[in-house]
There are 2 protein chains.
Amino acid sequence: MIRVALDALGGDYAPGVVIEGAVNAVKNNPNIQVVLCGPEAEVKEGLAKLGYAGDAIQVVDAPAPVAMDESPTDVLRKKPNSGLVTCVALQKKGMVDASVSAGNSGAMMVACLMLLGRSCKRFERPPIGCALPSADGHFVLVDSGANVDERASTLVDFAIAGSAFAECFLGLEKPKVGLLNMGEEEHKGPAVLREAYQLLKEAPVNFIGNIEGRDLIQGKADVIACSGFTGNVVLKMVEGFYELHKKMFGTIDTPAGHRFDKMWDYRATGGALLLGLNGTGIIAHGISDAAAIEQAVVVAAKYAETGVAKKIGERLNAIKADEPKAEA
Amino acid sequence: MIRVALDALGGDYAPGVVIEGAVNAVKNNPNIQVVLCGPEAEVKEGLAKLGYAGDAIQVVDAPAPVAMDESPTDVLRKKPNSGLVTCVALQKKGMVDASVSAGNSGAMMVACLMLLGRSCKRFERPPIGCALPSADGHFVLVDSGANVDERASTLVDFAIAGSAFAECFLGLEKPKVGLLNMGEEEHKGPAVLREAYQLLKEAPVNFIGNIEGRDLIQGKADVIACSGFTGNVVLKMVEGFYELHKKMFGTIDTPAGHRFDKMWDYRATGGALLLGLNGTGIIAHGISDAAAIEQAVVVAAKYAETGVAKKIGERLNAIKADEPKAEA
């Protein structure tokens, strides 16, 4: 049994769609229990409205709302009784296996960082790992938007973390790692990427070289390492492309159309994982509907079950232990 | 009458598709003449094979082939009789209005830079301007891949050049200019973008703020200013999306399907313009087929006819003249 704490007030359409997503998640996945953290009366009323009376959903009272633009450190300090902070605190106490919020993502990151703590000291801010669709399946994008102005060595750490992520979550052996760049040749691109290329040649990952924007969509690599800035642009372009496609074509009622919807709908992604932490913190999309919340809970359970967070910590700490050897 | 010089040996499928594209361009556009620069006998044979005997295509003998990985400066120095250099040299002499190559893009850039010269001193390397598809029409992307590690002031120059480009080429008044970033708020993103945001507020463009990857596809801005690195990723992702769509769905025989093909097919873009030069130098895609070459010629003629290059030079030089006033 996997227990997932879910921020009932997180997201643009909370708490309605969050409660509905939780109910569907437990109904469709007998191995998942959800702890809904939010204003107890309101959440229970929502559950009653949906006719849910099972015991796979527990409600923990956490009445304080968190605004999308509220200062993350303020939220952590002043709102311990918010749904968001409560979700993470429950995991810290060992009462749940994963914590999900579609609310203020900065606050979720700070709460996870401060309460769960880093599994390694290599990241100043936990990078965001996300499984995105490509032509043939999925690739893991790290960092999807937490960091800016990274050093070359940080990009290498993204590659290592992404590689462990792909192994656990996508079940790949020796996932192919690419560096997102503007050409295949190693002398191409900004200075930081040219430096990262050289470091990646020696890093403990299956580095296949630079990957261009077109090849990324074609699925040439299983893991894409890039700056948080670039990752954010990529992530949002994928979303934008899907939206545009829906707007122009609606649902295409062919096998290809169904496959496209299943893979490319942002709701299929469910949520992105904060990497390098002692635990499983998931950021879901602010515009999540019930289906997206359900998928975020399912993905959170899978992250916890496959031990992605732990594996990433081990992998990065192993590098650290190796460092003196490398210098010798 | 607009005269376009075309590098007959440029591109992966040259000279066959180049000659075919030239023939179709002049047949379908009575206001265009093409000067094919390449090995004379071979080009004339190609024209004869297609049964073309009109006088809208002229052949200039330029037999030296240029490899895709040949050093740009070597090409300029050692191969004045290549198709690529000849195309640009003819424009320098006033014999054609625009020069197009689907060959070695670095060599084309250096040839244009050295032979045509800069129209203003603001750009070290001419940025690449490209009209890309969005939900509602097109947006102009500057820089699409010539520069890396730009200063904030260079990003502002990209915005000004892109704005003049959109006015002339897309016929827009006061085009909306966005800065590609990872969030809407002005404090978001890498340091260079935060600085560029502040400079753009005072720049002579219709700056509408930061634009995210999703909004870019949705067509929220008419001009996107970004680093050459980011622009290259965006450009190639757009190409990748189109390829993926074709792979999954083929041609969708509905009005939306035709509109999508017409807008998103990379061949519809035709070619990208080198900005900030005394003349019209166009880089076409290396994988161009005959339709792409035809479109590159048509677009080149439109660039020349609408005076994009001249307008951009004037606009950037006006800024320069204003500078002392701004400092006073």
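A salt bridge here is a side-chain nitrogen of Lys or Arg within 4 Å of a carboxyl oxygen of Asp or Glu. By that rule R315(A) and E167(A) make one, with their closest N and O atoms 2.8 Å apart. R315(A) sits in helix α13 (residues 308-327) of chain A and E167(A) in helix α6 (residues 152-169) of chain A, so the pair ties together parts that are 148 residues apart in sequence. Over all chains, the structure holds 36 salt bridges.

This is a predicted model, in which local features need pLDDT of at least 70, side-chain atom pairs count only at pLDDT 80 or more, and totals for chains, interfaces and linings use all residues. Residues are numbered from 1 along each chain as its sequence is written, chains are lettered from A and ligands numbered from 1 in the order in which they are written, and side-chain values use heavy atoms, with hydrogens and water left out.

**The sheet in chain A**

- Chain A has an open sheet of 11 strands with mixed pairing, in the order β3-β2-β1-β4-β11-β10-β5-β6-β9-β7-β8.
- At its edges stand β3 (57-61) and β8 (206-211) of chain A, each with a single partner strand, so one side of each is left without a neighbour in the sheet.
- Neighbouring strands are turned by 25° against each other on average, direction ignored.
- Helices and strands are DSSP runs numbered from the N terminus (helices are H or I, at least four residues; strands are E, at least two), and two strands pair if DSSP finds at least two bridges between them.
- Strands β5 (residues 128-133) and β6 (residues 138-142) of chain A pair in the antiparallel sense over 5 bridges, and A131(A) stands opposite V140(A) in β6(A).
- Helix α2 (residues 40-49) of chain A lies across β2 (32-38) and β3 of chain A, at about 155° to β3(A).
- Helix α12 (residues 290-306) of chain A also packs on the sheet, touching strands including β1 (2-7) and β4 (98-101) of chain A, and its direction makes about 135° with that of β1(A).
- For these angles, axes are lines fitted to C-alpha atoms (for helices, over the stretch in contact), and values run from 0 to 180 degrees between N-to-C directions; contact means heavy atoms within 4.5 Å.

**The sheet in chain B**

- In chain B, 11 strands form an open sheet with mixed pairing, in the order β3-β2-β1-β4-β11-β10-β5-β6-β9-β7-β8.
- Its edge strands are β3 (57-61) and β8 (206-211) of chain B, each pairing on one side only.
- Strands β6 (residues 138-142) and β9 (residues 223-225) of chain B run parallel and are joined by 3 bridges; I224(B) is the bridge partner of L141(B).

**Where the chains meet**

- Chain B and chain A bury about 3,900 Å² between them, 73% of it on carbon and sulfur atoms; that is accessible area (1.4 Å probe) lost on putting the two parts together, summed over both.
- M182(B), R214(B) and F229(B) supply 18% of the area that chain B buries against chain A, more than any other three residues.
- The contact takes 46 residues from chain B and 46 residues from chain A.
- Between the two chains there are 6 salt bridges; E212(A) and K236(B) meet in a salt bridge at 2.2 Å, N to O.
- On the side of chain B that touches chain A, the elements giving two or more residues are α7 (191-202), α8 (213-218), α9 (228-249) and α10 (255-264) of chain B, and α9(B) gives the largest share, 18 residues.
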